[in-house]
Amino acid sequence: MGRTAATYRMLTESEIRKWSEFRKALRKKDREAFDELMKRVRKHASASGYMASLDVFDSMSMAILVEHEKEIAALKKKIEHVSD
Amino acid sequence: MFLIDCYPDYTESCMKIWFYHENGTSVIKKEGFSPQFYVKASRKEDVLLQYLEEIPSVRYISYENRFVSLRKKAPVVKVVLHEYNIRETASEIDRMGGYETYELFNVDISFPQRYFFEKDLFPLMNMEDDSPFAVEYSVPDLKELFFDVTVKSDRIPSYSDSLVSMELKSREDSFKLEGEEEEILTDFIKFVKVFDPDILYSYRGDEFVFPYLFYRSNLYNIPLELGREPGWFKREGKSYFSYGRIVYKPPQYLLKGRMHIDTKSSFHYREGGLEGLTELARMSRIPVQRLSRLSPGTAISSMQLYEAYRRGVLIPWRKQTPEQFKTALQLLKADRGGHIFEPKVGVHQNVGEVDFSSLYPNIISEFNISPETVLCTCCPDSQKRVPVLNYNICEKKRGFIPDVVKPVIVKKALYKGNPDLKGRRTLLKWILVTCFGYLGYRNARFGRIECHESVTAFAREILLKSMHIAEEKGFEVLHGIIDSLWLKKEVHRKEFEDLCDEISDNIGIPLELEGIYSWVVFLPSNLGIGALNQYYGVIDGELKARGIELRRRDQPKIVKNMQEDMLCTLAEARTKKEFFKKIPATLEVVKQYVYTVLKGDVTLEDLIISVGMSRALEDYKVNNLTVAALKKLKKEGVELYPGQMVRYIIRNWKTRKIAERVSIPELMEDTVYDKEKYTELLLRAAHHMLSPFVDEERLKEYITCKRQMTLGEYL
């Protein structure tokens, strides 16, 4: 067995915890949005782990961007439908 | 003629070897055998030589030039002894050199292993002609005897309880020894002598039966001799700490010339039976009796030691290769396990599971991963590189670990598909599972962390590459763990198989289709995304579940039974659509279980919770249920050691009286149990399985509701 250093998933969780004060000061609606974003971050923990960048926040932001891009694409498709 | 046992005689300083003749008799052979070890002196060689001259147990010394590591030769002093006291002599030399001046080699190798390595023999070898690598070989028809004891006690048996009877069972016959205790004991000893079994099987022999029998026979001054030669090899039990978990190792009672196998505590026997043990003893060159008490890791390390012996490499007493310095980024990049894709939560159909069989060992063998080949100094510009980490791998030499692993991979593949050889295959599988771990284990003599990192780096690359190929072919990747992928596409089995072939060809390691799921459910974690390795489904008509309570050791039987029944109900579904239709019937199952618990209509056996003790009783800081159980046991005079299992039934979860909280099943106090708590356990487990489909609160309401809700109302 190898070493027992923290996994990237654990690093991500501790980064999220770092933002807990920020989260605390948000209003309920914003807090929900914040939690939703973090869900997206966790969804891509494996990609972040594979890259293993020293700056955890970078990979977190990228994960959110990827998810947003997907959502934009989905919404675009819906709009096309409506305008038809 | 087969070699069946081998052990040292410390008083006569010789080896004793037992042979089995085809006619069923066994004979002992005494053989003079001088153990030896090596010392490399970085300075003060004169002090060493003077010391060696003075001690009487040294037969002679000589100077040799030997491999002191996998690559480097150096002059060493070879010390050959008269007496079998290697460890004492070596420790004294080590101490003299202040634990740094003298480097010692070939010290802590057991006598049977030394003997086997040197003479190129192995346990259960056919002396006419045989090889440990043989796939087809004859095995001696060993005479077996099972025995067990019945103790006069309606509680937890202890040494002070007398012996009521002994049950003996051979392959043909079974009978009971009864009567006066003294008589039973002498009859048993006599019987073993006359029947003369090669193997004596016990249940809990190491942990309880033998220490108990020793105690009892001592009362009547009966010498408990059960071996073919008088005397035992005994070892005390102990608790130790390993990778964040405490483990208890029971004492050991080994016979001479006859094998005692404890069917309860032997991992290898449980997994592979005598057949598997035989295979492993032959490959690892550790006598069966000893091997039955060891872990697969010790077996693989013995294979490595033999390979080192064969290559003329000396085996360091203590490992000396420190880790190379790394930057934080290098460490972050290197120190990682296998890759895992987050699963897509929910129920899916048209899903195939594909696995690389023995991925890690195959990587070691295929890519030549070994302590002396990774980051070797002879080919810094090697074309062979570890992905991402960019370590160079030797192009000139085949590594030593790949040579150990390869025959195991080949043998396991050859045994595949033959149900008669399942025991052999299972133990080889365990060897392959552990061999990777031993690359990075800091106590492993030939471990090296960079090898460990290289293997996982290759594995991550392979999994990603496989994903890309699958996606090119239109498969959706639902989930992936280290060496397996769950792929979705509405096609026939054949197309999954073709994909496997294509990936196998591309990567060079066989990828196999484990099966096609009629449906599979991936469960979410409490963080709201897919949980890693928690799923269940029906694969090729069979249920498969991972990570749910059903698979956990610490859950009471009733919870497991409920989940199993829930699964069986769900398993009637052939498609995703049918799966949803089965949910109401599944909830009915949960209702039934909750109802029986509330009614008090359960077998107490089904409520037992067994938890591994993580520390000694006095070291527990909180008064949890385990502590309550331990305190109760202590009152009964039963003391458990860290690593052992504690069994209890929850009696009253909330009470402040600690003795009231749990009851110990062996004490058979009464039939009280905490209905509320067990209902909670059931509901939690039920919800865990259905969490992608049903809200926890609603589930609770629906199940425990007095009023009959209709399903429509409920959903």
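## Area between the chains

In this predicted model, chain A and chain B bury about 2000 Å² between them, and carbon and sulfur atoms give 56% of that area. Buried area is the accessible area (1.4 Å probe) that two parts lose on being put together, summed over both. The interface joins 21 residues of chain A in contact with 29 residues of chain B, where contact means heavy atoms within 4.5 Å.

## Salt bridges

Between chain A and chain B the count is one salt bridge, a term for a side-chain nitrogen of Lys or Arg within 4 Å of a carboxyl oxygen of Asp or Glu. R9(A) and E342(B) form a salt bridge, with their closest N and O atoms 2.8 Å apart.

Over all chains, the structure holds 48 salt bridges. One joins the side chains of D196(B) and R258(B), at 2.5 Å from N to O. D196(B) lies in the loop between α4 (181-195) and β11 (199-202) of chain B, and R258(B) in the loop between β15 (252-254) and β16 (259-262) of chain B, so the pair ties together parts 62 residues apart in sequence. Helices (H or I, at least four residues) and strands (E, at least two) are DSSP runs, numbered from the N terminus.

## Basis of the values

Residues are numbered from 1 along each chain as its sequence is written, and chains are lettered from A in the order in which they are written. Local features need pLDDT of at least 70, side-chain atom pairs count only at pLDDT 80 or more, totals for chains, interfaces and linings use all residues, and side-chain values use heavy atoms, with hydrogens and water left out.
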